[in-house]
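Good morning, everyone, and thank you for letting me take a few minutes of the meeting.

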Amino acid sequence: MSDNSSIEKVFIEKIIESESLFVSKANIYSRLLTDTALAENMKEMSDRREQVKKGWQTLLTGEKQEEGGEQEWNLKNGK
């Protein structure tokens with residue numbers, strides 16, 4: 001593996017780690033917020049970022065991450 005490939009792999013792993021932290025925090029906030037509209041928005045953001053994270057994992061491993069249904073994600077729109 002070349003140095004560039006190794007660096008790219010580490011970079012993608014860090015992105016996946018960041019996405020995981022965002023998903024965890026957004027889920028926690030969605031349960032703790034008293035404003036229901038804001039809590040729902042946080043849950044929706046969490047779900048979108050989970051899909052993005054799965055996309056990065058697919059890119060890294062070359063294997064599609066299954067979740068019971070068809071996986072859809074769009075990096076351009078952040079969804």
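This is a predicted model: local features need pLDDT of at least 70, side-chain atom pairs count only at pLDDT 80 or more; totals for chains, interfaces and linings use all residues.

Residues are numbered from 1 along each chain as its sequence is written, and side-chain values use heavy atoms, with hydrogens and water left out.

Ser30 belongs to helix 1, and by helices I mean DSSP runs of H or I with at least four residues, just as strands are runs of E with at least two, both numbered from the N terminus. A polar atom of the Ser30 side chain lies 2.7 Å from the backbone oxygen of Asn27. If we leave aside its neighbours within four places in sequence, Ser30 is in contact with Ala39, Met42 and Lys43, contact meaning heavy atoms within 4.5 Å.

Now let us step back to the whole chain. How many helices and strands does the chain have? There are two helices and zero strands. Of the 79 residues, 23% count as buried, and the chain exposes about 5,900 Å², of which carbon and sulfur atoms supply 52%; these areas come from the Shrake-Rupley method with a 1.4 Å probe, and for residues only the protein chains shown count as cover. Looking at contacts in the chain with a separation of 6 or more, 40% are accounted for by residues 24 or more positions apart.

Which residues make up the largest nonpolar core? It has five residues, namely Ile12, Ile15, Ile16, Val52 and Trp56, and a nonpolar core here is a set of buried Ala, Val, Leu, Ile, Met, Phe, Trp, Tyr and Cys residues joined through side-chain atoms within 4.5 Å. Helix 1 and helix 2 are the elements that give two or more residues to this core, and the largest share, three residues, comes from helix 1. As a general remark, in soluble globular proteins nonpolar side chains tend to be buried together. Ile12, again leaving aside its neighbours within four places in sequence, is in contact with Trp56, Leu59 and Leu60. Ile16, for its part, is 41 residues from Gln57 in sequence and 7.0 Å from it in space, C-alpha to C-alpha, and Gln57 in helix 2 is partly exposed, with a relative accessible area of 21%.

Let me turn to the charged residues. The structure holds four salt bridges, a salt bridge being a side-chain nitrogen of Lys or Arg within 4 Å of a carboxyl oxygen of Asp or Glu, and I will describe some of them. The side chains of Glu19 and Arg49 meet in a salt bridge at 2.6 Å, N to O. Because Glu19 lies in helix 1 and Arg49 in helix 2 (residues 36–61), this pair ties together parts that are 30 residues apart in sequence. Is Glu19 buried or exposed? Glu19 is buried, at 9% relative accessible area, whereas Arg49, at 24%, counts as partly exposed.

Another salt bridge joins Lys14 and Glu17, at 3.9 Å, N to O; being three residues apart in helix 1 (residues 3–32), the two are separated by about one helical turn. In helix 2, Glu50 and Lys53 are likewise three residues apart, about one helical turn, and form a salt bridge with the closest N and O atoms 3.4 Å apart.

A nonpolar surface patch of about 470 Å² is made by Ile28, Tyr29, Leu32, Leu33 and Leu38; patches are made of residues with over 30% relative accessible area and no salt bridge, like charges being joined within 9 Å and nonpolar side chains (Val, Leu, Ile, Met, Phe, Trp, Tyr) within 5 Å. The largest share of the nonpolar patch, three residues, comes from helix 1. One of the patch residues is Leu32, placed in helix 1 and exposed, with a relative accessible area of 64%.

Methods
Buried means under 20% relative accessible area, exposed over 50%, partly exposed in between (1.4 Å probe, protein chains only). A polar contact is a pair of N or O atoms within 3.5 Å; within protein, one must be able to donate a hydrogen and the other to accept it, and residues adjacent in sequence count only if both atoms are side-chain atoms.
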